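Okay, thanks everyone, let's get going.

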Amino acid sequence: MNRANWKRIVIKVGSALIAPNQQGCSSHYLLSIAQFIVKCRAEGIQVVLVSSGSVAAGSHMFPNQENTDIAVKKAMAAAGQTEMISTWDKLFDFPSAQILLTHADLRDRERYVSIRETLFSLLDNQILPIVNENDTVTTDKLKVGDNDNLSAMVAAAADADALIICSDIDGLYDKNPHENDDAKLLSWVENIDESIYAMAGGAVKGGVGTGGMRTKIEAAEKAVSHGIDTFIINGFTELSFNMLLDGKNPGTHFQAYEVPMKENVHWMRHTSNAQGEVIVESNFAASLEDNTEELTSSEIIDVKGEFSVGDTILVRKDDGTKLVKAKSNYSSCLLNFIAKQDNEEFASEFEEKTGPIISNQHLANLEKE
Ligand SMILES: Nc1ncnc2c1ncn2[C@@H]1O[C@H](COP(=O)(O)OP(=O)(O)O)[C@@H](O)[C@H]1O
Ligand SMILES: N[C@@H](CCC(=O)OP(=O)(O)O)C(=O)O
């Protein structure tokens with residue numbers, strides 16, 4: 001690892017570290033993380049904290065409630081969030097700022113750019129941003145769902161050099177170590193492929209974590225393609241942080257791409273999600289990355305989902321091959337109408353006036369994957 005290059009890092013802290021006994025927040029494990037943050041800042045490294053734990057911190061305030069009820073969980077998050085933020089805040093003698101996000105904020109390009117600007121402004125003023133998902137307002141459609149993926153999106157938005165995911169375990173093992181005594185720790189992952197995902201199991205049943213290793217690998221995949229070195233480390237032990245400060249890898253290091261994706265293409269590929277699909281014939285051969293105008297209504301055989309002008313859509317072939325993710329210049333309703341037109345002259349005249357079906361702005365080419 002090359003810590004000398006770090007100018008900005010994102011540290012993600014899992015619930016088990018914040019509220020280990022689900023009896024409110026404890027600073028027990030947070031002290032060494034806070035010290036690490038202080039030392040990084042003293043070296044001139046800007047730090048963004050992504051902290052889980054609002055539900056785990058709030059659960060003790062709901063003694064007779066079942067944790068599984070979604071409305072109660074949201075209430076736990078609302079109540080626990082204040083306790084979690086104030087626990088962190090007490091550990092620092094510099095100001096911190098709370099940022100609560102949903103996927104709806106991140107997938108909208110304007111809001112995403114606004115989040116980036118806020119992060120940079122806080123960092124330039126030596127304020128520590130503390131980010132969590134806004135669990136109270138999320139629905140299935142709006143949420144990221146786990147803070148591992150959220151931390152990768154935040155790391156990309158902040159143009160971070162490293163993402164450090166502090167977990168309750170030493171890193172990624174070749175199989176779930178809680179179920180397999182012979183599991184071995186991987187200290188280095190160069191390529192994230194299906195064999196890496198196959199190693200990952202879920203979170204401990206009945207535990208406070210969300211997602212287990214799978215969401216951490218998803219996060220690493222998002223981050224490394226943006227040139228962000230990613231580490232999964234054991235946040236329970238101070239040694240992990242001392243090793244990082246000494247430039248050593250204490251857990252699993254996922255190697256960053258040498259040539260990262262451009263920021264806006266990365267956003268389209270990894271943060272924005274497709275609201276619908278446009279399906280073309282399997283023999284469609286044009287490169288939409290070179291010319292989006294090659295996609296005309298006569299090429300479209302189906303339109304799936306409901307989307308509005310400006311929403312992200314996936315263009316794919318009938319055989320399932322993904323072509324591009326791009327901003328739609330048409331609503332699904334209008335696209336359906338012109339794609340189903342028997343009168344081709346009408347459709348092409350309409351498109352001439354209205355412009356290309358997809359925008360080339362922020363387009364992500366999925367063909368090379
Ligand atoms: N291959 C694996 N390597 C390491 N941990 C694994 C693996 N598969 C599943 N896990 C589980 O993932 C857990 C960490 O994820 P999670 O419970 O979501 O915690 P966090 O709160 O840190 O996000 C581990 O404690 C372990 O039970
Ligand atoms: N937003 C949730 C955390 C969700 C989550 O991903 O938790 P974890 O797996 O412990 O990082 C909360 O604050 O409780």
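A residue counts as buried when its relative accessible area is under 20%, as exposed when it is over 50%, and as partly exposed in between. By that cut-off Phe92, with a relative accessible area of 8%, is buried. And please keep in mind that what you see is a predicted model.

Let's stay with Phe92, then. Which ring does Phe92 form a stacked pair with? With Trp88: the centres are 6.2 Å apart, and there are 5 degrees between the planes. Trp88 is buried as well, because its relative accessible area comes out at 0%. Ring pairs also bring in Phe94, so that Trp88, Phe92 and Phe94 are linked into a cluster.

How many aromatic pairs does a search of the whole structure find? Eight. Another one of them is Phe346 with Phe350, whose ring centres are 6.1 Å apart. Their planes sit at 35 degrees, so this pair is called tilted. Both residues belong to helix α13, residues 344-354, and they are four residues apart, about one turn of the helix. Why does that spacing matter for direction? In general, an α-helix has 3.6 residues a turn, so residues three or four places apart point the same way. As for accessibility, Phe346 is partly exposed at 33%, and Phe350, at 24%, counts as partly exposed too.

While we're around α13, look at the loop between α12, residues 332-339, and α13: that's where you find Asp342. Buried or exposed? Asp342 is exposed, with a relative accessible area of 76%. If you go 15 residues along the chain from Asp342 you get to Ile357, and the two C-alpha atoms are separated by 18 Å.

Now, helices. Take α9, residues 212-224, which has 13 residues. From first C-alpha to last, α9 reaches 19 Å, close to the 18 Å expected at 1.5 Å a residue. How much of α9 is buried? 10 of its 13 residues, so the helix is largely enclosed by the rest of the structure.

Next, a helix pair. How do α6, residues 109-124, and α11, residues 263-271, pack? At an angle of about 120 degrees, with the axes 12 Å apart, and the crossing is right-handed. On the α6 side the contact uses Arg109, Tyr112 and Arg116, and these meet Glu263, Asn264, Trp267 and Thr271 of α11. Sort those contact residues by type and you get two nonpolar, two polar and three charged.

Last topic, backbone angles. In general, most residues other than glycine have a negative phi. Where does Gln126 lie? In the loop between α6 and β4, residues 128-133. Its phi is positive, near 60 degrees, and Gln126 is not a glycine. Gln126 is also exposed, at 51% relative accessible area. Asp159 is another non-glycine with a positive phi, about 50 degrees. You'll find Asp159 in the loop between α7, residues 147-157, and β5, residues 162-167. With a relative accessible area of 30%, Asp159 is partly exposed.

Notes. Residues are numbered from 1 along each chain as its sequence is written. Chains are lettered from A and ligands numbered from 1 in the order in which they are written. This is a predicted model: local features need pLDDT of at least 70, side-chain atom pairs count only at pLDDT 80 or more; totals for chains, interfaces and linings use all residues. Side-chain values use heavy atoms; hydrogens and water are left out. Helices (H or I, at least four residues) and strands (E, at least two) are DSSP runs, numbered from the N terminus. The expected span of a helix is 1.5 Å times one less than its number of residues. Buried means under 20% relative accessible area, exposed over 50%, partly exposed in between (1.4 Å probe, protein chains only). Axes are lines fitted to C-alpha atoms, for helices over the stretch in contact, and angles run from 0 to 180 degrees between N-to-C directions. A crossing is left-handed if the near helix is turned anticlockwise from the far one by less than a right angle, and right-handed if clockwise. Contact means heavy atoms within 4.5 Å. Ala, Val, Leu, Ile, Met, Phe, Trp, Tyr, Cys and Pro count as nonpolar, Asp, Glu, Lys and Arg as charged, and the others, Gly among them, as polar. Rings of Phe, Tyr and Trp (its six-membered ring) pair if their centres lie within 6.5 Å; planes under 30 degrees apart count as stacked, over 60 as edge-to-face and the rest as tilted.
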